[in-house]
Amino acid sequence: SSSMEATCPSLYETLVLFRDALYSLQTQAANANAAKDLLSSPSIDNSVITTLEKTRSHLYEIHDSSFEYEVEQVHTLLNDLENMLEKCSRSLDGESGSVLNKIENTIRAIPISVEDLDGPLGDWAALARKHGISPAKILPQCQAALKDELDGTVDARLKLPLALQENQEARMLLDIQCEKLSVARNSVARDLERKVTATLPQLGMEGVEFCVALSKRKNDDEYGCVSSNGALGIDEVEFLLCPQSINGAIKSSNENNGHESINSSQNNNKSNYDYAVEMVASSGEKARILLAIETHLPGAVGASCQTTGTKSIITNSSNRNNPSESQQLSTEAVKPLAVLYDEIDAHVGGRAAVAVAKLLSQQGKDCGQVISITHSPSVAAIADQHIVVTKQTTTTTMGLDIDKHNVLSQNGGSGGRNSKGMPVTVASLKGEKRTMELARMAAGDLASVEAILFA
């Protein structure tokens with residue numbers, strides 16, 4: 001009945017009480033041992049027997065015969081005290097009825113130790129925490145909880161075949177989408193190859209072709225899951241610069257497989273690494289290749305100017321009862337507001353610099369506005385506007401430069417300071433002053449007459 005359950009301890013509570021009683025017996029035995037040692041152990045400095053012997057040694061140092069009787073009386077009393085200590089020690093430990101003997105006999109009569117109970121009780125408490133119930137009522141409630149868990153497992157096993165089938169279908173769909181993505185990338189890569197290769201001779205890079213090598217990442221579980229072929233639609237891309245015969249082999253491999261790179265056994269056992277742009281191209285060639293890619297890559301500047309940049313326009317509808325129809329979207333082509341290049345012509349000179357300048361000029365016509373920071377006179381000369389930025393280190397220098405170019409008084413220039421607080425001037429140059437600046441860019445302070453004629 002409920003009243004009996006309220007008054008009778010559970011098995012768990014009984015075991016806890018039993019363990020506490022065993023622990024108490026062990027504590028009492030330890031206390032009895034400590035008391036015995038304090039009485040009669042000569043190895044403990046503060047024990048009673050040690051103190052008694054120290055007292056005797058001090059009495060032996062009293063040699064005056066006038067105190068002999070009194071000293072003997074004290075020795076007699078110390079002997080009586082020693083006998084009493086021995087009796088006390090035997091009462092604690094030694095005789096069959098001693099305190100320690102009875103406690104130890106009681107402990108030996110129990111066929112289990114505190115350590116033997118700690119393990120099961122700990123597991124019991126952990127099981128109770130897992131199921132969120134009281135340890136005192138764990139057995140019946142735990143049985144019910146385990147039954148519910150088992151029933152849930154059986155239900156899950158019934159659903160497992162359908163889940164595996166859905167998982168397989170999802171993986172197949174993932175493979176299809178990954179393959180579509182790789183094919184689309186391969187198509188973009190082939191188009192980029194043709195356009196960049198056609199542009200390279202204009203940039204002074206004859207006799208070489210640009211190639212994009214695609215290869216699937218194999219069985220990489222870095223992202224926590226893999227598709228059936230292990231690729232997950234992840235393609236590794238390499239930009240190559242190589243002779244026409246090598247590029248033909250790479251193109252053939254790309255077209256046959258969609259995304260396989262050149263085999264290392266072909267072409268004197270050279271791999272893609274031997275033709276990688278970062279390995280074989282100079283700094284100037286890299287800059288020119290970058291400009292060609294920026295011009296032709298879908299989604300980059302050139303492609304946005306020439307093809308598919310769009311913006312959304314919201315138009316109102318007369319149907320106010322249906323909010324989903326009250327707004328309509330249309331798109332129209334939109335060009336970038338401006339394109340900014342920071343020294344794209346670095347490490348480029350001669351005919352190549354002129355070719356870069358023409359490419360930038362064409363991009364400006366397509367996009368509407370290209371701003372190029374440059375130290376090349378070829379690029380500066382082809383620009384529609386030439387803006388010079390001069391950093392001044394002293395007021396005197398600033399005055400000389402301003403007087404030299406007359407940028408503030410005659411060319412609509414303006415002054416300011418850079419991020420380090422140094423004064424700078426910015427001005428748009430025209431006519432003779434632009435010619436002088438182009439001459440300075442071309443030759444510095446050398447051959448000024450020839451430089452002006454060149455400019």
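Buried means under 20% relative accessible area, exposed over 50%, and partly exposed in between, with a 1.4 Å probe and protein chains only. Helices (H or I, at least four residues) and strands (E, at least two) are DSSP runs, numbered from the N terminus. This is a predicted model: local features need pLDDT of at least 70, side-chain atom pairs count only at pLDDT 80 or more, and totals for chains, interfaces and linings use all residues. Residues are numbered from 1 along each chain as its sequence is written, and side-chain values use heavy atoms, with hydrogens and water left out.

In helix 13, the buried residues are Ala352, Ala353, Ala355, Val356, Ala357, Leu359, Leu360, Gln363, Gly364 and Cys367. After the helix comes Gly368, with a positive phi near 105°.

A nonpolar core is a set of buried Ala, Val, Leu, Ile, Met, Phe, Trp, Tyr and Cys residues joined through side-chain atoms within 4.5 Å. The largest one has 30 residues; Val196, Leu200, Phe210, Leu241, Ile289, Leu291 and Leu360 touch the most other members. At least two residues each come from helix 7 (138–199), strand 1, helix 11 (283–296), strand 5 (339–342) and helix 13 (350–367). Helix 13 gives the most, with eight residues.

Contact means heavy atoms within 4.5 Å. Not counting residues up to four places away in sequence, Leu291 touches Tyr341, Ile344, Val356, Leu359, Leu360 and Gln363. Another core, of seven residues, lies apart from the largest one; Tyr12, Val114, Leu117 and Leu121 are among them.

The expected span of a helix is 1.5 Å times one less than its number of residues. The table sets this against the distance between the end C-alpha atoms.

| Helix | Residues in helix | Expected span | End-to-end C-alpha distance |
|---|---|---|---|
| Helix 13 | 18 residues | 26 Å | 26 Å |

Helix 4 buries Val71, His75, Leu78, Leu85, Ser89 and Leu92. These buried residues pack against helix 2 (11–40), helix 3 (48–59) and helix 5 (99–108). Gly94 follows helix 4, and its phi is positive, near 150°.

Lys36 sits in helix 2. Is Lys36 buried or exposed? At 18% relative accessibility, Lys36 counts as buried. Leaving aside neighbours within four places in sequence, Lys36 is in contact with Ser41, Ser89, Leu92 and Asp93.

**Aromatic pairs**

Rings of Phe, Tyr and Trp (its six-membered ring) pair if their centres lie within 6.5 Å; planes under 30 degrees apart count as stacked, over 60 as edge-to-face and the rest as tilted. The count comes to two aromatic pairs. Phe210 and Phe239 form a tilted one, 5.3 Å centre to centre with 50° between the planes. Phe210 lies in strand 1 (residues 209–216) and Phe239 in strand 2 (residues 235–242), so the pair ties together parts 29 residues apart in sequence. Phe210 is buried, at 0% relative accessible area. Phe239 is partly exposed, at 32% relative accessibility.

**The largest pocket**

On a 1 Å grid over the protein atoms alone, a pocket is an open set of points with protein on both sides within 12 Å along at least five of seven lines; lining residues have an atom within 4 Å of a point. The largest pocket holds about 1,100 Å³ of space, a volume being the space filled by probe spheres set on the points. Its lining has 34 residues, of which Ser372, Thr374, Gln385, His386 and Ile387 lie nearest the centre. Strand 7 gives the most to this lining, with six residues.

Note on methods: 1 Å grid on protein atoms, 1.4 Å probe; cavity = no way out; pocket = protein on both sides within 12 Å on 5 of 7 lines; lining within 4 Å.
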